[in-house]
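I opened my notebook and took one structure to look through. I wanted to see what I could look up in it.

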Amino acid sequence: MSIYGNDPTFLRALDEQGEVFLIDVHKDQQIYLEDPEPRRVEAVQERGRKSTH
């Protein structure tokens with residue numbers, strides 16, 4: 001069971017303050033060493049029902 005590893009706001013605050021820390025995270029939690037910069041890609045549809053998302 002991880003407690004602090006489940007709170008990204010807390011972890012970001014520690015990082016922004018320059019704190020060195022060690023946390024426990026769940027075995028299937030995804031960890032990024034760099035910001036993955038997610039973005040939405042617009043789909044081009046020529047046929048079928050229009051996308052609602």
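**Entry 1: the fold.** I noted that this is a predicted model. I looked up the secondary structure next. The protein has one helix and zero strands.

**Entry 2: the surface.** How much of the protein is buried? I found that buried residues make up 8% of its 53 residues. Then I looked up the accessible surface. For the protein it comes to about 6000 Å². Carbon and sulfur atoms hold 50% of that surface.

**Entry 3: the largest pocket.** Rolling a probe the size of a water molecule over the atoms shows where empty space is left. I looked up the space in the largest pocket and got about 520 Å³.

**Entry 4: Glu37.** Most residues other than glycine have a negative phi. I stopped at Glu37, where phi is positive, near 45°. Where does Glu37 sit? I found Glu37 in the segment after helix H1, which covers 8-16. Is Glu37 buried or exposed? Its relative accessible area is 59%, and exposed means over 50%, so Glu37 is exposed.

Terms used: Residues numbered from 1 in each chain as written. Predicted model: local features only at pLDDT ≥ 70, side-chain atom pairs only at ≥ 80, totals over all residues. Heavy atoms only, no water. Helix = DSSP H or I, 4+ residues; strand = E, 2+ residues; numbered from the N terminus. Buried < 20%, exposed > 50% of the residue type's maximum accessible area, 1.4 Å probe, protein only. Areas by Shrake-Rupley, 256 points an atom, 1.4 Å probe, with all protein chains shown as cover. 1 Å grid on protein atoms, 1.4 Å probe; cavity = no way out; pocket = protein on both sides within 12 Å on 5 of 7 lines; lining within 4 Å. Points joined across faces, edges and corners; volume = space filled by probe spheres on them.
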